[in-house]
Amino acid sequence: SPSFLYWDFTRAGGPGSGKGTQCSNIVQNFGYTHLSAGDLLRAEIKSGSENGTMIQNMIKEGKIVPAEVTIKLLQKAIQESGNEKFLIDGFPRNEENRASFESITGIVPEIVLFFDCSEEEMEKRLLNRNQGREDDNIETIRKRFKVYMESSLPVIQYYDNLGKVRRIDAAKPIDVVFEEVKAIFEKVDA
Ligand code: UP5
Ligand code: MG
């Protein structure tokens with residue numbers, strides 16, 4: 001069954017590039033189910049699960065949660081969705097995530113979106129978001145950028161070598177970004 005992996009890839013970061021925002025737009029127009037790994041992990045903390053404290057500490061430090069934990073949450077959400085078309089937002093974040101996900105689920109992304117945005121702009125967006133996220137403070141944001149550069153970029157390079165990456169200028173206003181995103185999905189659905 002087709003599956004689509006949605007990911008941000010920037011020269012200098014990733015967090016705050018607009019993944020969640022654009023996924024909402026895609027869901028409304030193209031009938032995908034949006035699975036944000038970060039949202040699933042935050043829900044797991046709230047549910048008071050045994051992994052909650054570990055996940056909370058990792059997120060506060062901008063570190064990547066062990067693959068098996070995130071993959072279990074994604075698999076459950078995929079099953080519960082009853083859909084065959086997914087936007088996987090903010091995952092896989094490192095090679096361990098990618099290799100485990102592909103071998104456990106057998107799912108390989110059709111395309112990978114690369115949201116190109118400067119670190120300066122992403123930092124501004126995250127500091128302005130005001131949704132009470134514990135990782136939206138300057139100290140954690142810097143750590144998230146660093147982890148992104150060190151661990152997530154190699155995953156993008158991997159998919160780029162397979163010809164799956166589509167670059168988008170994510171520094172533009174939300175509606176302009178969506179025009180670019182829409183054009184990509186219209187081709188995929190055609
Ligand atoms: N905004 C959006 N687009 C804009 C535009 N074009 N112009 C102006 N403003 C724009 O957007 C961020 C803010 O910018 C919003 O206020 C929005 O209105 C505005 P959003 O769409 O939320 O950006 P997004 O890319 O989704 O940013 P997010 O902060 O969610 O990215 P992260 O990748 O940092 O967060 P995520 O939730 O994926 O992960 C959080 C943490 O969870 C990670 O650091 C890690 O510790 C952990 N994690 C794992 O361990 N494993 C995983 O697999 C996933 C997460
Ligand atoms: Mg997000």
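I begin with the UniProt record, an unreviewed entry, whose annotation "binding site" covers Arg-42, Lys-63, Ile-64, Val-65, Gly-90, Phe-91, Pro-92, Arg-93, Arg-133 and Arg-144. UniProt positions are given in the numbering used here, feature names are shortened, and annotations may be inferred rather than shown by experiment. This is a predicted model, in which local features need pLDDT of at least 70 and side-chain atom pairs count only at pLDDT 80 or more, while totals for chains, interfaces and linings use all residues. Residues are numbered from 1 along each chain as its sequence is written, and chains are lettered from A and ligands numbered from 1 in the order in which they are written.

Consider two of these positions. Val-65 sits in the loop between α3 and α4 (67-81); helices (H or I, at least four residues) and strands (E, at least two) are DSSP runs, numbered from the N terminus. Val-65 is buried because 22 other C-beta atoms lie within 10 Å. Here, buried means 20 or more other C-beta atoms within 10 Å of a residue's own, exposed 12 or fewer, and partly exposed in between, with C-beta atoms placed from the backbone. Beyond its neighbours within four places in sequence, Val-65 is in contact with Leu-41, Ile-55, Met-58 and Thr-70, a contact being two such C-beta atoms within 7 Å.

Gly-90 belongs to the loop between β3 (86-89) and α5 (95-105). Gly-90 also counts as buried, since it has 22 C-beta neighbours inside 10 Å. Not counting residues up to four places away in sequence, Gly-90 touches Lys-19, Ser-36, Ala-37 and Gly-38.

Which residues are closest to ligand 1? They are Pro-15, Gly-18, Gly-38, Gly-90 and Arg-125, among 32 that surround it, where near means a C-beta atom, placed from the backbone, within 6 Å. At least two shell residues come from each of α1, α2 (37-46), α3 (52-60), α6 (119-129) and α8.

Finally, helix α8 (residues 174-189) has 16 residues, which at 1.5 Å a residue should span 22 Å, and its end C-alpha atoms are 22 Å apart, in agreement; the expected span is 1.5 Å times one less than the number of residues. Its buried residues are Val-177, Phe-178, Val-181 and Phe-185. α1 and β5 (165-169) are included in what covers them. The face of α8 turned away from its buried side carries the exposed residues Val-176, Glu-179, Ala-183, Glu-186 and Lys-187.
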